[in-house]
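Hi everyone, thanks for coming.

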Amino acid sequence: MRDVAIVAFAQTDHVRSSEALSEVEMLMPVLHDVLGRTGLRTGDIGFTCSGSSDYLAGRAFSFTMALDGVGAWPPIAESHVEMDGAWALYEAWVELLTGEADTALVYSYGKSSPGSVRDVLTRQLDPYYLAPLWPDSVALAALQAQALIDAGETDEQALAAIAARSRTDAEDNPHAQLRGPRPQGDYVVRPLRTGDCPPVGDGAAAVVLAAGDRARELCERPAWIRGMDHRIEPHALGVRDLTDSPSARLAAERAGAFERPVDTAELHAPFTSQEVVLRRALRLGDSVRVNASGGALAANPVMAAGLVRIGEAAAAVHRGASHRALAHATSGPCLQQNLVAVLEGEPHVR
Amino acid sequence: MSATPASEVNPAPEVLRAPLVVEFPFTRSLGPVQSAFLTGLRERTVLGVRTTGGRVLVPPVEYDPETAEEIRDLVEVGAAGTVTTWAWNPEPRRGQPLATPFAWVLVRLDGTDTPLLHALDAPGPDAVRTGMRVRVRWAAERAGAITDIACFEPYEDHDEGDPAPAAPGTEERIATGPRSHSGEFEDPVAGIVAPARLDYTYTPGRAQARFIDALAERRTTGERCPSCRKVYVPPRGACPTCGIATSEQVEVGPRGTVTTFCIVNIKAKNLDIEVPYVYAHIALDGAGLALHGRIGGIPYDQVRMGLRVEPVWTEGGRHPDHYRPSGEPDADYDTYKELL
């Protein structure tokens with residue numbers, strides 16, 4: 001199997017509203033940034049894959065317009081997933097593992113500001129039994145949070161501490177939307193308060209992947225992908241144990257996360273209570289630096305926030321701040337689907 | 001036929017915005033288990049499905065979530081149950097089951113192993129707790145949908161499984177345990193219509209805003225790629241060939257050349273244009289690609305490639321209503337062959 005690494009990462013400043021910009025106008029500077037870090041041009045890239053959802057901004061086929069920012073002429077090898085960019089990265093990683101390409105550009109973007117993302121996300125639910133009730137994303141996360149409180153896994157004070165830690169850490173992240181602690185505020189849907197919920201905002205992110213020696217040429221300290229896997233749980237909420245995440249655990253196991261300890265983790269936990277679930281499922285001890293970027297509680301551009309987690313973990317490896325990092329992305333209600341990647345900085349030893 | 005550089009691009013003075021409603025009535029067919037469950041709700045009967053492992057799932061599914069086996073073993077379960085988790089919703093949103101503050105609940109109905117998501121009508125969060133007993137409040141009018149359960153309501157009985165009186169004004173039997181059920185009802189529902197409406201505020205972005213602002217002055221503008229020099233009309237902010245921002249606003253037209261066309265013979269819904277009419281690609285003078293528009297002021301069977309046209313604006317219109325012959329001689333093929 002070939003070795004594949006993340007060699008560059010770029011993201012926008014994540015903001016409440018990018019209303020002056022179209023999606024491609026928001027995305028294009030990030031594409032230029034990430035390519036600029038490697039010296040590559042679009043024509044040098046072997047495979048391009050993106051993630052986004054037209055439902056967010058209500059624009060049909062917006063990903064085809066976003067492709068205008070890539071410069072897809074002469075025709076490029078390209079794919080798109082209606083998912084977070086973390087899953088686009090997974091597809092690109094597989095493409096590179098097969099040897100079909102040596103480099104890949106992965107990007108994703110989300111503009112939540114034109115619509116109401118709480119309502120938009122109800123449209124991903126079971127259309128027969130759930131969607132007609134319009135249970136919004138905060139409501140479903142709150143049901144999970146209450147289940148955790150009932151099980152004695154957390155309490156409101158512990159959740160508030162997660163919120164405060166995340167946004168304090170985000171003070172050092174120039175791209176974050178919420179930098180510095182915020183009051184916990186009122187209940188949005190009890191037991192979750194404003195502070196337990198992610199900010200709503202717009203943003204984009206991009207990474208470049210490269211295989212083998214190409215990665216070493218493009219990056220001083222590539223973030224080698226040692227393993228990556230994604231798993232999903234049943235869609236019916238009642239069938240799941242909401243206090244646990246067997247899918248995250250299994251993905252981590254198959255990605256090799258439990259073979260050796262990690263020093264850094266970037267978890268895609270849009271709600272404070274979900275960090276509680278993930279820390280346990282992923283067996284992250286107190287010695288692991290979790291969400292130094294501030295995580296999704298500091299910036300949650302839907303469809304890009306998972307890719308940002310992988311990018312932040314890779315960037316920590318690039319700058320020598322991490323030797324072995326775990327990156328996680330989620331999709332669906334109450335952590336329904338989970339992706340785990342393990343990144344390492346040292347030369348590969350078989 | 002040369003483009004006139006109008007100005008270096010300036011930021012739009014203010015963000016244009018317009019409401020955008022995306023609305024679909026999704027029509028969905030039902031599988032046999034879903035049909036029995038939703039028809040049962042219409043008849044105030046709650047059905048679950050038993051897996052091969054013996055668990056009873058409500059709401060019932062067609063395939064076992066653990067083994068993926070097809071499951072069809074229907075059972076009738078209680079209309080009362082126990083809250084397994086809850087969340088107080090102080091501000092109900094459009095489409096949700098109740099308009100006044102309520103609790104979202106997962107309710108494990110008596111005789112089942114998996115809880116169902118719905119709303120609980122309660123006076124306040126202090127009246128709600130995990131483990132509390134609740135029962136179905138049926139909707140007055142039922143059609144075979146999950147909303148036939150209007151919501152749940154608090155319900156004081158003894159222990160789970162005890163025989164319980166029916167809710168006031170209803171006659172349903174609250175079952176003590178799952179009994180086999182044929183799933184057969186008269187006039188079963190075969191599908192649901194699920195209306196979905198999402199509201200957005202559309203903003204066009206910088207390049208399209210500049211285009212729209214110019215149209216308001218009855219000028220058509222494009223934007224030039226600084227690399228390949230192509231002028232895009234209408235502009236979208238990026239040159240799709242080079243992948244860079246278009247940087248220079250260029251006024252094009254107003255006249256142009258028909259590069260290709262088709263004759264429309266089918267009248268579109270809600271469109272007040274007599275058929276047949278001609279819809280054409282028009283390369284405005286100075287533009288690097290053709291835009292499309294309707295051709296009027298000439299019999300449809302006389303429109304041809306190379307025809308020179310000019311825009312016709314109507315009072316209050318924010319874009320040309322259509323294009324008509326300008327009276328110039330036809331353009332030479334070589335002048336527009338790259339724009340086909």
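**A helix under cover**

Let's start with helix 2 of chain B: among the elements covering its buried residues are helix 1 (23-38) of chain A, and strand 13 (220-224) and strand 17 (248-252) of chain B. Before I go on, please keep in mind that this is a predicted model. So which residues of helix 2 of chain B are buried? They are Arg206(B), Ala207(B), Ala209(B), Arg210(B) and Phe211(B).

In total, 54 residues of chain B are in contact with 49 residues of chain A. On the chain B side, strand 2 (18-29), strand 6 (80-89), strand 7 (102-109), strand 8 (116-120), strand 12 (191-202) and our helix 2 (206-216) each supply at least two residues. Which of these gives the most? That's strand 12 of chain B, with eight residues. If you sort the side of chain B that touches chain A by class, you get 32 nonpolar, 16 polar and six charged residues.

Now I'd like to zoom in on one glycine. Gly243(B) sits in the loop between strand 15 (238-239) and strand 16 (244-245) of chain B. Is Gly243(B) buried or exposed? It has 24 C-beta neighbours inside 10 Å, so Gly243(B) counts as buried; the cut-off there is 20 or more. And what does Gly243(B) touch, if we leave out residues up to four places away in sequence? The list is Leu31(A), Thr42(A), Gly69(A), Val70(A) and Gly71(A) from chain A, plus Ala238(B) from chain B.

Chain A has 11 helices and 12 strands. A compact globule of 350 residues would have a radius of gyration near 20 Å, and chain A comes out at 19 Å, which agrees. Along the principal axes, the C-alpha atoms of chain A fill a box of roughly 55 × 45 × 40 Å. Of those 350 residues, 65% count as buried. Also, if you take contacts in chain A between residues at least 6 apart in sequence, 79% of them join residues at least 24 apart.

Last stop: helix 10 (residues 272-281) of chain A and two of its partners. The axis of helix 7 (residues 156-169) of chain A comes within 8 Å of the helix 10 axis, and the two cross at roughly 95°. That angle makes helix 7 of chain A roughly perpendicular to helix 10 of chain A. Helix 7 brings Leu159(A), Ile162(A) and Ala163(A) to the contact, and helix 10 brings Thr272(A), Ser273(A) and Glu275(A). By class, that's three nonpolar, two polar and one charged.

The other partner is helix 6 (residues 137-150) of chain A, whose axis comes within 9 Å of the helix 10 axis and crosses it at roughly 55°. That makes helix 6 of chain A oblique to helix 10 of chain A, and the crossing is left-handed. Here the contact is made by Ala141(A), Gln144(A), Ala145(A) and Leu148(A) of helix 6, with Ser273(A), Gln274(A) and Val276(A) of helix 10. This one has four nonpolar, three polar and no charged residues.

Methods: Residues are numbered from 1 along each chain as its sequence is written. Chains are lettered from A and ligands numbered from 1 in the order in which they are written. This is a predicted model: local features need pLDDT of at least 70, side-chain atom pairs count only at pLDDT 80 or more; totals for chains, interfaces and linings use all residues. Axes are lines fitted to C-alpha atoms, for helices over the stretch in contact, and angles run from 0 to 180 degrees between N-to-C directions. Helices (H or I, at least four residues) and strands (E, at least two) are DSSP runs, numbered from the N terminus. Angles under 35 degrees count as roughly parallel, over 145 as roughly antiparallel, 65 to 115 as roughly perpendicular and the rest as oblique. Two residues are in contact if their C-beta atoms, placed from the backbone, lie within 7 Å. Ala, Val, Leu, Ile, Met, Phe, Trp, Tyr, Cys and Pro count as nonpolar, Asp, Glu, Lys and Arg as charged, and the others, Gly among them, as polar. A crossing is left-handed if the near helix is turned anticlockwise from the far one by less than a right angle, and right-handed if clockwise. The radius of gyration is taken over C-alpha atoms; the globule rule is 2.2 Å times the number of residues to the power 0.38. A residue is buried if 20 or more other C-beta atoms lie within 10 Å of its own, exposed if 12 or fewer, and partly exposed in between; C-beta atoms are placed from the backbone.
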